[in-house]
Amino acid sequence: MADSTTPETPETGAVAPVARHIEVATSITVPVVNRAGEEVGTVTIDPAEFGGKISRQLMHDVVLMYLANQRAGTHHTLRRGQVAGSTKKLFRQKGTGNARAGTKRTNKRRGGGTAKGPKPRDYEYHLPKKAVKAATRMAVLSKLLDKQAIIIDDLTMAAPKTKEMTGVLKAIKIGKKATEKGEQDVTLLDTTVLIGTDKLDQNVYKSARNIQGVKVLPAAEFNCYTVLKQRRLVLTRSALESLRAVGKK
């Protein structure tokens, strides 16, 4: 989400630290577009439906939890007692003129064991369920607040068609970029997108699964990590109503 900072002071030029906790009281207006990328209306959202506040620290903690839980933890190194080789002292302690040496399996020698190297471990841990659900609502609210969310009027498909989904994403413009040939439109196809549906829609899922940077999930399966990872959030009307209904409970 966007940084909330105060202006630089003329005396020092220092910038105040970014607010880690933001209260959102003003209603948010989100554009509604059709499959051709034309704006057909807007939706006004009450921030209270998504908790009304954003905690950067909580979202950070939940994202770290998801990343930690994805780790396999299969790293393994051999200690000096596990590598092959003799345990005999290489040469006598004194009288050779060399530095004293133990066995060839010491971590100081090539081919020896690793000192205090990593061993297999489980990185999985879990935060309270209420905290995880609150972080998901905050992630969606931050996308709405930063104008990185779009509501699409209709996304139903008669059959899985990647070409059709590509056309929809290419039709929805989200800005401009400067190139050698002048300004060009930036579309959803040029960035990463999370498409939220009300329920699992096999046709939409199969149409988008081969498009790089595009992920499709039912609104009930949203999590903080997935919402923040994708730069843009595209919701169907029914998916938005589903998220709002959860927030009202």
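Colleague: Is P128 buried or exposed?
Modeller: This is a predicted model. P128 sits in the loop between α1 and α2. The cut-off for exposed is over 50% relative accessible area. P128 has 54%, so it counts as exposed.

Colleague: Which element supplies the largest share of the largest nonpolar core?
Modeller: That core has 37 residues. F50, V140, L144, F222 and L235 touch the most other members. Several elements each give at least two residues, including β2, β3, α1 and α2. The largest share, nine residues, comes from α2.

Colleague: What does L235 contact, leaving aside neighbours within four places in sequence?
Modeller: L235 is one of the core residues that touch the most other members. Its contacts are I150, I151, I152, G196, F222, L240 and L243.

Colleague: How many residues are in the second, separate core?
Modeller: Its members include I150, I152, L169 and I195. I150 and I152 are also in contact with L235. The second core's residue count is 18.

Colleague: Which side chain of opposite charge is nearest to K143?
Modeller: K143 lies in helix α2. It is buried, yet has no salt bridge. The nearest opposite charge is 6.9 Å away, on D146.

Colleague: Which residues make the nonpolar surface patch of about 240 Å²?
Modeller: One member is found in helix α1. That residue, L64, is at 39% relative accessibility, so it counts as partly exposed. The patch is made by L64, L67 and Y125.

Colleague: What contacts does P31 make, leaving aside neighbours within four places in sequence?
Modeller: P31 has its place in strand β2. Its relative accessible area is 28%, so P31 is partly exposed. The contacts are E39, G41, T42, A149, I150 and I151.

Colleague: How far apart in space are P31 and R231, C-alpha to C-alpha?
Modeller: In sequence, P31 and R231 are 200 residues apart. In space, their C-alpha separation is 17 Å.

Colleague: Which residue forms a salt bridge with E164?
Modeller: The structure holds five salt bridges. In this one, the closest N and O atoms are 2.4 Å apart. The pair links helix α3 to the loop between β2 and β3, across 129 residues. At 24% relative accessibility the partner is partly exposed, and it is R35.

Colleague: Is R244 buried or exposed?
Modeller: R244 lies in helix α6. The cut-off for buried is under 20% relative accessible area. R244 is at 12%, so it counts as buried.

How values were computed: Residues are numbered from 1 along each chain as its sequence is written. This is a predicted model: local features need pLDDT of at least 70, side-chain atom pairs count only at pLDDT 80 or more; totals for chains, interfaces and linings use all residues. Side-chain values use heavy atoms; hydrogens and water are left out. A nonpolar core is a set of buried Ala, Val, Leu, Ile, Met, Phe, Trp, Tyr and Cys residues joined through side-chain atoms within 4.5 Å. Buried means under 20% relative accessible area, exposed over 50%, partly exposed in between (1.4 Å probe, protein chains only). Helices (H or I, at least four residues) and strands (E, at least two) are DSSP runs, numbered from the N terminus. Contact means heavy atoms within 4.5 Å. Lys and Arg count as positive and Asp and Glu as negative; His and the chain ends are not counted. A salt bridge is a side-chain nitrogen of Lys or Arg within 4 Å of a carboxyl oxygen of Asp or Glu. Patches are made of residues with over 30% relative accessible area and no salt bridge: like charges are joined within 9 Å, nonpolar side chains (Val, Leu, Ile, Met, Phe, Trp, Tyr) within 5 Å. Accessible areas come from the Shrake-Rupley method with a 1.4 Å probe; for residues, only the protein chains shown count as cover.
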